[in-house]
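Hello,

Here is the structure I promised to pass on. Have a look at it first, and then read my notes below.

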Amino acid sequence: MSTSSYNHSSGAAAGVEALAVAIADLRFNWSGATDQTLAIERFGLRTGERVLLRGPSGCGKSTLLAAMSGVVDVPAGTVRIAGTDVGALPQSHRDAFRVDHIGLIFQSFNLIPWLSVRDNVVLPCRFSAQRRQRLSGTPQDDAQKLLVALGIAEHSDTPAGNLSYGQQQRVAAARALIGTPDLILADEPTSALDPEAKDRFLSLLSREAAHSGAALLVVSHDPGLEHHFDRVIQMSEINAPKVDPC
Amino acid sequence: MLNFALQSLWNRRFVAALTVLSIALSVALILGVERLRDSARASFADTAGGIDLIVAPRGNDVQILLSTVFGVGSTGAAMRWDSYTQIAVMPGVGWAVPLMMGDNHRGYPVTGTTAAYFEHFRHSGGTPLAFAQGSTFVTRDSAVIGAEIATLFGYEVGSVLVNAHGAGSVSFEMHDDAPFTVSGVLAPTGTVVDRMVFVTLEGFDALHAGYAPLAADPFAADAPQDNGAAYTPEQINAVYVGLSQRTAILGIQRALSDSQSEALSAVMPNVALLQLWSITGTAEGALRLMSIAVAIASLIGMVVMLSAALDARRREFAILRSVGASPRTIFGLIVTEALAVTAAGILVGLVLLYVSMTSANPILSANFGFRMGLHLPTGEEMGILLAVFCFAALAALLPAWRVYRMTLADGLTTRL
Ligand SMILES: Nc1ncnc2c1ncn2[C@@H]1O[C@H](COP(=O)(O)OP(=O)(O)OP(=O)(O)O)[C@@H](O)[C@H]1O
Ligand SMILES: [Mg+2]
């Protein structure tokens, strides 16, 4: 398959290496569901690019993120992350692949409440040699640096469950960023935060993603956050599922 | 992984501690029952091991053994002294010691016998009795006491004992008129002998005859040094026999059963013990079954603890999967937790076992004359512990399999 065909949004002729995400001809149905959830012709994310993904509820944004992170089965050749065909990976390799290349942030409850903030942040390093290799120091040192950058360094030793939601989301951001993965996927990371905290969180996340060079894809319904991103995409622009005409 | 499992358990330490405790209790129970049984058997065998035959008025073998060697239960009828003298000269008989029983001193059995007893009695695989203090009977009012009696009541050579009639611990009829003076204290044997008081045959008879002993003062200048060896009582309760020829047993048994003068039994202690164990075997089996049931219940408790937490921990598993843990890793986490809980339960159980054995030993030794060995777990016990551990691992597969399915199905998208 030609690599240039993934180059959807930019005129620059970027190779596979320069693409964090490349999707082509992705069709996806939830098992048992008659309606198609995903039907994406082309979608790509350049390395280091920061994109905001929007769309109405139920249009398949979370499903798209699940497809990218290898949580749901996708056909081979449809989704490439950092040059690797996720659909072609055997089930048993996907968890390792995910942690090697992707940092994930959920809407809420991202942390293991009884682990300290720092231990939560270093979790990916426990499971991924690649993430460990890309550290600049020990996992603890790198975690501490990220926590300083995100303004929660003084809570490093607190159990994560004791932090406020806003603080917890920043810890989750630190965990997604540690060991510089190729891609950070955040599914409505700010929906539990107040407007001021939303803005501060996204500016921190965006800044640190740029700093580490990771591509960033954020799903959010919140208005007024566009200025943190290079690009804003509506789900309807890329996804055209056939709806069962019955 | 182990570290993570331990931290997760620590987070649920209350429930985890209860589970550990229930496993510990069952482990202590299983091993405790085995040790109690083995120690009791070993102690009984040790005590009776040196006696080849017990001759007593005809009766149940087990009852004769218990009443003569262990001072448990009453000795029933008496046998004639003549029978003793006849037995003593039978071919193949190496030694014969006459015994009179049925008295107690402060609840501990008193035996009337001769100095030959201390010479011939063997315990714990052939060890003869030794005197820690003093010696055998010196007068007919002498008493020799077991090690435990000495420590319990603070007796030493020269102490004066007053016996009470009857084999119970409470007695109304005190024999104030027949005091005994301790002539010797036996070294500890770890058997029922430690809890016995021995007096001369004459002294024993004196208790019942009710006459004031002549030599109340053993140091009276003119008193003859008569240690009662020449005394012949009318009746005795039993005779211990040691054989010079093992094959003589059958001849002696036949001679006794053919005897016209008196109905006597010749009991082989080891055979009677086997009979006793076959009687108690049912109860032991029931106890063992019960302790196994407790162990199974506690392992089920552990499965319940792990399973009940699974739903609450869905988020934890989803987070772990998002940072690269595979469903298999999480499966391993649950098994690790189960094994950690079981290992802790086994360790605490061993501590519990030794603590309870240490505290039960004085009671056992006071009431039954034996102690449980505080030795390290034997190979067999290690086998039992290993079996508990393996069963725990097996039982853990159930919640682990559930969590495996759950994490596969949930992926990263658990909604709370
Ligand atoms: N685990 C699942 N099993 C079956 N169907 C699912 C599952 N998750 C989502 N769906 C279906 O897929 C469709 C898209 O859901 P998805 O969660 O991707 O939407 P979304 O755009 O993230 O919506 P929202 O903005 O509310 O989060 C919905 O119709 C939903 O019912
Ligand atoms: Mg969603």
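**What turned up at the interface and beyond**

Three residue pairs, both partners at pLDDT 80 or more, are in polar contact across the interface of chain A and chain B. On the side of chain A that touches chain B, helix H2 (91-101) and helix H3 (117-127) of chain A each supply at least two residues. By type, the residues on that side of chain A are 13 nonpolar, four polar and five charged. Please keep in mind that this is a predicted model.

The rule also finds one salt bridge across the interface of chain A and chain B. In a salt bridge, the side chain of Asp95(A) meets that of Arg321(B), at 2.5 Å from N to O.

As for the extent of the interface, 22 residues of chain A are in contact with 20 residues of chain B. Between them the two chains bury about 1900 Å², with 66% of it on carbon and sulfur atoms. Asp95(A) comes up again here: with Trp114(A) and Phe127(A), Asp95(A) supplies 33% of the area that chain A buries against chain B, more than any other three residues.

One more residue may interest you. Asn239(A) sits in the segment after helix H8 (235-238) of chain A. Asn239(A) counts as buried because its relative accessibility is 7%, and the cut-off for buried is under 20%. Leaving aside residues up to four places away in sequence, Asn239(A) touches Thr37(A), Leu38(A), Ala39(A), Ile40(A) and Cys59(A).

Best wishes

Technical notes. Residues are numbered from 1 along each chain as its sequence is written. Chains are lettered from A and ligands numbered from 1 in the order in which they are written. This is a predicted model: local features need pLDDT of at least 70, side-chain atom pairs count only at pLDDT 80 or more; totals for chains, interfaces and linings use all residues. Side-chain values use heavy atoms; hydrogens and water are left out. Contact means heavy atoms within 4.5 Å. Buried area is the accessible area (1.4 Å probe) that two parts lose on being put together, summed over both. A salt bridge is a side-chain nitrogen of Lys or Arg within 4 Å of a carboxyl oxygen of Asp or Glu. A polar contact is a pair of N or O atoms within 3.5 Å; within protein, one must be able to donate a hydrogen and the other to accept it, and residues adjacent in sequence count only if both atoms are side-chain atoms. Helices (H or I, at least four residues) and strands (E, at least two) are DSSP runs, numbered from the N terminus. Ala, Val, Leu, Ile, Met, Phe, Trp, Tyr, Cys and Pro count as nonpolar, Asp, Glu, Lys and Arg as charged, and the others, Gly among them, as polar. Buried means under 20% relative accessible area, exposed over 50%, partly exposed in between (1.4 Å probe, protein chains only).
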